[in-house]
Amino acid sequence: MSAPTTTTGDTPMTHRQTLEALSGLLLVLFVAMLSGTVVSTALPKIIGALNGSQTQYTWVVTATLLTATATTPIWGKLADLFNKKLLVQVAIVVFLVGSVLAGFAQTAGQLIAARAFQGIGVGGLQALVQVAIAAMIPPRERGRYNGYLGGVMAVATVGGPLLGGLIVDTSWLGWRWCFFVGVPVAVIALILLQVTLHLPTARRDNVKIDYLGATLIAAGVSVLLIWISFVDDSFAWLSWQTAAMVGGAAVLLALAVRVEARAQEPVVPLALVRQRTTALAILGSLAVGMAMFGGAVFLGQYFQIGRGYSPTEAGLLTIPMMAGVLGSSIVAGRLITKTGRIKPYIVFGAVVLVIGFALLGTIDHQTSLVLLGAAMFVVGVGVGMTMQNLVLAVQNTVSLKDIGAASSTVAFFRSLGGTIGVSVLGAVLARQVTDRITTDLAAAGIPASGGGSGNLNVDAMPAVVQQIVRAAYGDATGHIFLISAAIAVVGVVAAALLKPVTLRTSLDLPDAATAAAVAADAVDGAPAFDQVDGDAVVRKASARR
């Protein structure tokens, strides 16, 4: 069984050639993931150095998530029109330019704009790496290379926060290198891909990119996020600004649904969304994305501002959550492969996620680090057992030709949930922190204007004000985790409503003839199938013939 397992065009690729091509692709994926994780623990220092506010802190993360989410399906559609290798390289160049601009930002506003541009490249890299791997490696053989993919994700997930902390704690580097550090790695990946990756251009003349749908979705969500960020601060809940923004977002999203319903190849295929499993998986992914991204983004801020730890220490303190994600995803994956059952693990993971966030909801600025570590580990276990398995549940119910669209749809809504979660929870945190600081400053006889409640440069504040600000952030963070727990309950409901099925062993769903044979067997008295196992059905249909 040593025959070549991958192919590009008519020439099969050897295992060595596949690994060489994968090296560049995995390096690209590593850089894309690192761009988000390396900033997580460094962001309080970055925003503090730029004299930014809590709202700007949130938007540095939200801007990248939003543009990456909106552009991911467009990059996927472009892969059907143009050379995949060229598109990967274009996405790398966009990412490089965005990284350099972010590194040279002089204000928080410039940083947000640069991160938004960088997100366009990140969206392309995340989408196109998967497309390129699918074009190289047949589905039956893809599993043997998943270990490399998991290793890259583990290093980027765990190593990113540590690297970001070390960079901002190293005086001769500084926070700007959090953005510059990925540049040389991306350049190496660009050269490596030029030498090792050779993919055919499978062009389809009938492909039409749904630019209008993608634009309407991005615009509608962006308006909602802007409203969430500024309501109750710059204007009241009941005001003409609220009416204009909420109404405008509703109109844009309604138009997006109309466009998607009529588009030949929509960004979000409504026919797939209407399927029970896909709809429930989307609902669960929205909840998981909102809870996980929204909650996890603020852990680094809690440790640094609320507890006074350095960025490096904050990165080390978040390891329990990453360990939970990696460990549970590996264990659950093996058990699912062994039993073929997936629903019990998704339900269990969703329940564990709620428990983990409920535990984090009890924290304040003096909570034991042991309790914090245990709670973060529980959250990680919940995320590891739900996130990718929700995608797998959808892939099991659709035909092979629809797997890409179905998977990207679930990923799109998960990222969308994360974007909304970061913005909503960030807005809640900003309001609570401002109110708490204002109250405590007044109680201490200090003018509120001298407290700098909207500024994250805590080290520049007087000692007594520092103590008030740290206590406010530490205590308010627990409240947003309680909100995350409430959101995660929606994921439990969605998981519980999933149909209990056995994962199929075939690559594709049975064809119409095979399905008819199964139905005939059921009429003859043979057991009917709740979920068809492709190989078993083919053998049964063959026996009848």
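Is Asp-475 buried or exposed, and why?

Modeller: This is a predicted model, and the description below applies to it as such. Asp-475 has a relative accessible area of 15%, and because the limit for a buried residue is under 20%, Asp-475 counts as buried. The residue belongs to helix 20, which covers residues 463-496. Setting aside the neighbours within four places in sequence, Asp-475 makes contact with Ile-363, Asp-364, His-365 and Arg-436.

Now to the chain around that site. The chain has 545 residues, and 51% of them count as buried. The secondary structure consists of 22 helices and 2 strands. When contacts between residues at least 6 apart in sequence are considered, 82% of them join residues at least 24 apart. The accessible surface of the chain is about 23200 Å², with 67% of that area belonging to carbon and sulfur atoms.

The largest nonpolar core has 131 residues, and the members that touch the most other members are Leu-25, Leu-43, Ile-46, Ile-92, Leu-111 and Leu-360. Leu-43 touches Tyr-57, Val-60 and Val-61 when residues up to four places away in sequence are not counted.

Trp-59 is found in helix 3, which runs over residues 54-78. Trp-59 is buried, because its relative accessible area of 14% falls under the 20% limit. The C-alpha atom of Trp-59 is 9.5 Å from that of Thr-419, although the two residues are 360 residues apart along the chain.

The aromatic rings can be taken together. A pair of aromatic rings is described by the distance of the centres and the angle of the planes. A search of the whole structure finds 6 aromatic pairs. One of them joins Trp-175 and Phe-179, with 6.3 Å centre to centre and 90° between the planes, an edge-to-face arrangement. Both partners are covered: Trp-175 is buried at 13% relative accessibility, and Phe-179 is buried at 2%. Tyr-302 and Phe-303 form another pair, with ring centres 5.4 Å apart; their planes stand at 65°, and because over 60 degrees is the condition for edge-to-face, this pair is edge-to-face too. Tyr-302 and Phe-303 are both buried. Phe-104, Trp-177 and Phe-180 make up one aromatic cluster.

The surface also has a nonpolar part. Val-93, Val-97, Leu-101 and Phe-117 form a nonpolar patch there, with about 310 Å² of accessible area together. Helix 4, residues 84-103, supplies the largest share of this patch, 3 residues. Val-97 is found in helix 4.

To return to the residue in the request: Asp-475 is a buried member of helix 20, and its contacts beyond four places in sequence include Asp-364 and Arg-436.

Terms used. Residues are numbered from 1 along each chain as its sequence is written. This is a predicted model: local features need pLDDT of at least 70, side-chain atom pairs count only at pLDDT 80 or more; totals for chains, interfaces and linings use all residues. Side-chain values use heavy atoms; hydrogens and water are left out. Helices (H or I, at least four residues) and strands (E, at least two) are DSSP runs, numbered from the N terminus. Buried means under 20% relative accessible area, exposed over 50%, partly exposed in between (1.4 Å probe, protein chains only). Rings of Phe, Tyr and Trp (its six-membered ring) pair if their centres lie within 6.5 Å; planes under 30 degrees apart count as stacked, over 60 as edge-to-face and the rest as tilted. Patches are made of residues with over 30% relative accessible area and no salt bridge: like charges are joined within 9 Å, nonpolar side chains (Val, Leu, Ile, Met, Phe, Trp, Tyr) within 5 Å. Accessible areas come from the Shrake-Rupley method with a 1.4 Å probe; for residues, only the protein chains shown count as cover. A salt bridge is a side-chain nitrogen of Lys or Arg within 4 Å of a carboxyl oxygen of Asp or Glu. Contact means heavy atoms within 4.5 Å. A nonpolar core is a set of buried Ala, Val, Leu, Ile, Met, Phe, Trp, Tyr and Cys residues joined through side-chain atoms within 4.5 Å.
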